[in-house]
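Subject: Structure for your files

Hello,

Here is the structure I said I would send. Please open it alongside this message, as the notes below refer to it throughout.

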Amino acid sequence: MSRILNMLFAMAFIVFAVAGGVASAYLVGYLAEEYLFEGASRLTNIIFLILVFVMITATLLTLAERKWSAFMQDRVGPNRARLSAIPGLGNRSLGGIPHIITDVLKMLTKEDFVPGQANRFLFNLGPILAFAPVFALFAVVPAGPTVNVFGKTVDMVVATPDFGMLYLLAIASLAVYGTSLAGWSSNNKFALLGGVRASAQMISYEVALGLSLVGLFLAFSSVQLPVLVGDVGNALVSGTGQAKYLWRTDGGFDLGLPAWGIFIQPLGFIAFFVASFAETKRAPFDAPEGESEIIGYFVEYSGMKFGMFMISEFVEVVVLAGVTTSLFFGGHHLPFGGEWLAAQPFFQEHGWVYGTLLGTVFWIKVILLIWVQLVIRWTFPRFRYDQIQNLGWKILLPAGLANVFISGALVLWDPSLRALGVVGLLEIGFVVALTMTAGTKPAHAHDTAHGHGHDAHGHGHDAHGLPAHADPHSHSPAGAH
């Protein structure tokens, strides 16, 4: 019971902390607009969105992943580090928070080792190219609505280029150079093998990644994330992008099915999420870092260089959750009641409160998607390299092409996207039905598992599928597997 109460308290604390951070971002953005120059809120967003939200979340994930894996495996988790120098905290684990401090100190003080035969320039460049592109991806993600704060327009995004998603795809592809250079410049055969695996995997899934989004671009006729989300400059004006409804009730309170990407492009969502997960090189797609096989492409790195590879992986988790939220889960919009909420006089007079509410909604969605990634990480075993390539080229690529053709035809037939929504709901129902029936076994398979199966000639088999008279440990033909 105490464990459940601790989790509820932690969840409430996270929500209030996120709301406080979003409110601070809007108010500081207003001060920048008021006392610096128009558009200065974009600069303060670099601090709040990238350096505070993304970086702090990624840092906390280094602990959250260990704690969640311990919860799934019924272990205690990290709790040995103590802040004994502080009075009153010497014997308290503080939920494992001191482990983050010890990890940082270890990375900063560990010896910076460089192999003697390594290319020093490329060896040092590898971690930078692996970390910087991932860190810059969040610049085009709208983490909240554009609202009016005390007469000043404050955005909650760093940049809104016309090429939006093309920027994201282009910058994400630069991470391939970091992994390739890290493996090659180390002058280590295991690192080289890991770099080749990583580059081949990332290039393979970039094709499926781009194709999975084409249907969404066709539906909303744009590649800009704010347009796809439905934030076109005034949060109190809805009806665009994912802010509109496919079907809704009449009356003051809006209730209906929103045009979220998950409803009109479920196949695109699955392909995008799987391809993005493979891009992060996390389990079950962690063949480039397989500790039991080749150690990984950064085996020769130590100190803060190794820390940059490690933290970039968690930054990718946050960025993937943020981009997926914006593309397929309505961004900062509520599933219903958004128009009614925006029409309330209080929120029209206090835009920063409205922005804080929806910005908190966005980050709650991001945290939930991060949790999904942690569950996947600690549930599925590692895929073989050939399975990874087959999934990318033989399954996701044809599925992406089919999704493009079907989406294009439905958008031309019904520009209101309702036909696309009907097909999307049917696809969701099919996936749910397939998932519910995937675990069932035929009756004869169940019997065979208990040793009651018979072969075609009526001879009995034991629980291992061997003839009843065979010795499973025998090397004779009768007992061979």
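This is a predicted model: local features need pLDDT of at least 70, side-chain atom pairs count only at pLDDT 80 or more; totals for chains, interfaces and linings use all residues.

Overall

The protein has 481 residues, and 47% of them are buried. Its secondary structure consists of 17 helices and 4 strands.

Helix 11 and its two partners

Helix 11 covers residues 303-328, and helix 4 covers residues 120-136. Their axes are 9 Å apart and meet at an angle of about 20°. Angles under 35 degrees count as roughly parallel, so helix 4 is roughly parallel to helix 11. The crossing of the two is left-handed. On the helix 4 side the contact includes Phe 123, Ile 128, Phe 131 and Phe 135, and on the helix 11 side it includes Met 308, Phe 309, Ile 311 and Val 315. By class, this contact has 12 nonpolar, 3 polar and 2 charged residues.

Helix 10 (residues 266-280) also packs against helix 11, at an angle of about 165° and with the axes 10 Å apart. Since angles over 145 degrees count as roughly antiparallel, helix 10 is roughly antiparallel to helix 11. This crossing is right-handed. Helix 10 contributes residues including Phe 269, Phe 272, Phe 273 and Phe 277, while helix 11 contributes, among others, Glu 313, Leu 320, Val 323 and Leu 327. The contact has 8 nonpolar, 4 polar and 3 charged residues. Glu 316 of helix 11 is listed in the contact with helix 4 and also in the contact with helix 10.

The loops on either side of helix 11

The loop between helix 10 and helix 11 holds Pro 284.

Phe 336 sits in the loop between helix 11 and helix 12 (338-342). Its relative accessibility is 40%, so Phe 336 counts as partly exposed. Setting aside neighbours within four places in sequence, Phe 336 is in contact with Tyr 245, Phe 253, Asp 254 and Leu 255. The C-alpha atoms of Phe 336 and Pro 258 are 7.4 Å apart, although the two residues are 78 apart in sequence.

A buried histidine

His 99 is part of helix 3 (residues 97-109). Its relative accessible area is 14%, and the limit for buried is under 20%, so His 99 is buried. Apart from neighbours within four places in sequence, its contacts are Arg 66, Pro 78, Asn 79, Arg 80 and Ala 81.

Two positive phi values

Phe 150 has phi near 50°, a positive value in a residue that is not glycine. Phe 150 lies in the loop between strand 1 (147-149) and strand 2 (152-154). With a relative accessible area of 53%, Phe 150 is exposed.

Asn 187, also not a glycine, has a positive phi of about 55°. Its place is in the loop between helix 6 (175-185) and helix 7 (189-220). Asn 187 is exposed, at 52% relative accessible area.

Regards

Note on methods. Residues are numbered from 1 along each chain as its sequence is written. Side-chain values use heavy atoms; hydrogens and water are left out. Buried means under 20% relative accessible area, exposed over 50%, partly exposed in between (1.4 Å probe, protein chains only). Axes are lines fitted to C-alpha atoms, for helices over the stretch in contact, and angles run from 0 to 180 degrees between N-to-C directions. Angles under 35 degrees count as roughly parallel, over 145 as roughly antiparallel, 65 to 115 as roughly perpendicular and the rest as oblique. A crossing is left-handed if the near helix is turned anticlockwise from the far one by less than a right angle, and right-handed if clockwise. Contact means heavy atoms within 4.5 Å. Ala, Val, Leu, Ile, Met, Phe, Trp, Tyr, Cys and Pro count as nonpolar, Asp, Glu, Lys and Arg as charged, and the others, Gly among them, as polar.
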